[in-house]
Amino acid sequence: MLATRIIPCLDVDEGGVFKGIRFKNLVPAGDPVGLAQRYYEEGADELTFLDIGASWKSRKTLIEIVEKVSRVIFIPLCAGGGVKSLSDIKELLRAGADKVSICTAALENPSLLREASLAFGSQSVVLSIDAGRAGQGWHAFMKGGRIDSGLEVVDWARKGIELGAGEILLNSIDRDGTKEGYDLELLRTISDKVSVPVIASGGAGHLEDIYQAINTGQADAVLLASLLHFGQLTIPEIKNYLKSKGVKVR
Amino acid sequence: MIGLVDYGAGNLNSVRRAFETLGFKNRLITSEEQMDNSLDKLVVPGVGAFGYAVRELKRRGLWPAIKKWLKENRPFLGICLGLQLLFEGSEESPEEPGLGLFRGKCRKLPSVKVPHIGWNEIELSQSDSLFEGIKNCEYFYFVHSYAVLDKSDNDKVLALTSYCGNFISAIKQGNIYGVQFHPEKSGPAGLKLLLNWSVKC
């Protein structure tokens, strides 16, 4: 049986790691390669790097980080943030990423998912969905949560998988950085309706939240940032807790 | 010298970086001429489609060279798709037969969630130097949609993994090994396995 993955997420902007609160108020959180090494040694199952600068400079930084990290860390690496084209994807994979997450560009140009999965395989294409409450459901948002695409999240997730996405990274805009817990209803709704792994992101504040994302939300993996970066919890603490609750972890 | 077969697919770099970290010399093999006597060991890594890999290996003249290598029982490691190629074929690309060293065909995993992505345990069926110093039921990283569920060559199976039924996660015949998981992405246990293979297998 598969183990539930714990994935530290490192937001990258021109040389450092940052974590925004509700996508704003960026604060530095340490050296990315050093942090990555620490998480690897603590038992991280995978690492995600997100370029939040979306400038040529921050992209260059992201590529340098992935390149360095992939020489010393031997677990899956995912990179993303501002990925627009096949050549962006190729560049990140060549630098050492195993998969690339795509958000806004997939909404603007869904065929990118198909082209990428045909060229590099579905396993390297992660559809990142920034989901925000809209009426009774949730919509997929673009441009760092600023623009509503108008698409229902369930429809978009299904479409993305049909086009070739191998995993869904589901980020709750409403909960991002709040530590109020994951949006379990959102998670459960998507997990029940898709056939690929779902990674929960946005809102973890306590150990119990992580357990709920797995148990109630049926997430296959959880993405964590500030909780880890600021030392509130460590990966061994999280894994021991989940184990005690009967969750399979590595 | 370890040869890493490059057929234009998959992430060869991570395999290469793992061997570099372990201190083993390696070079990429892109054509038949490069498979000369300076090579001690051969790795066929892989991510990608079965049929594409077969066609690319043939186009580069590597297919008969690999067949000859296997026939001579020279040290070989197939990773992921590299393991699948050692079998008779795959449901993924029925038009292209495999290398046929092992009996059986790859089939689509019969699970709700496919691809099978993540860390799963391998249950050792027999002891082998490949797994020396690695505990039974250790976790390794998997990424695949097809696997060998058929166990015609049961006596050659080294490990099984459960994901809606058991599939072959490691197999061996003589000096030829295949693993369905990615040791180059499986943390310290994966590096240990590559080290074992490089030194002992």
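**Figure 1. Strands S8 and S9 of chain A in the predicted model.** Strand S8 (residues 137–142) of chain A runs antiparallel to S9(A), and three bridges join the two. This view, like those that follow, is taken from a predicted model. Within the pair, A:Met142 stands opposite A:Ile147, a residue of S9(A). S8(A) and S9(A) form a hairpin, with four residues between the two strands. In the turn of this hairpin, A:Lys143 has a positive phi of about 50°. Strand S9 (residues 147–152) of chain A has six residues, of which the number buried is zero, so the strand lies largely in the open.

**Figure 2. The crossing of helices H8 and H10 of chain A.** Helix H8 spans residues 207–215 and helix H10 spans residues 235–244 of chain A. Their axes come within 10 Å and cross at roughly 55°. H8(A) and H10(A) are therefore oblique to each other, and their crossing is right-handed. At the contact, H8(A) contributes A:Leu207, A:Ile210 and A:Tyr211, which meet A:Ile238, A:Tyr241 and A:Leu242 of H10(A). The residues of this contact divide into six nonpolar, no polar and no charged.

**Figure 3. The side of chain B that touches chain A.** In this view, 25 residues of chain B are in contact with 23 residues of chain A. Four elements of chain B give two or more residues to this side: helix H1 (12–22), strand S7 (116–121), strand S9 (139–144) and helix H5 (187–200). By residue class, the side of chain B that touches chain A divides into 12 nonpolar, nine polar and four charged residues.

Note on methods. Residues numbered from 1 in each chain as written. Chains lettered and ligands numbered in written order. Predicted model: local features only at pLDDT ≥ 70, side-chain atom pairs only at ≥ 80, totals over all residues. Axes fitted to C-alpha atoms, helices over the stretch in contact; angles between N-to-C directions. Parallel < 35°, antiparallel > 145°, perpendicular 65-115°, else oblique. Left-handed = near helix turned anticlockwise from the far one by under 90°. Contact = placed C-beta atoms within 7 Å. Nonpolar A, V, L, I, M, F, W, Y, C, P; charged D, E, K, R; others polar. Buried ≥ 20, exposed ≤ 12 C-beta atoms within 10 Å, placed from the backbone. Pairing = 2+ DSSP bridges.
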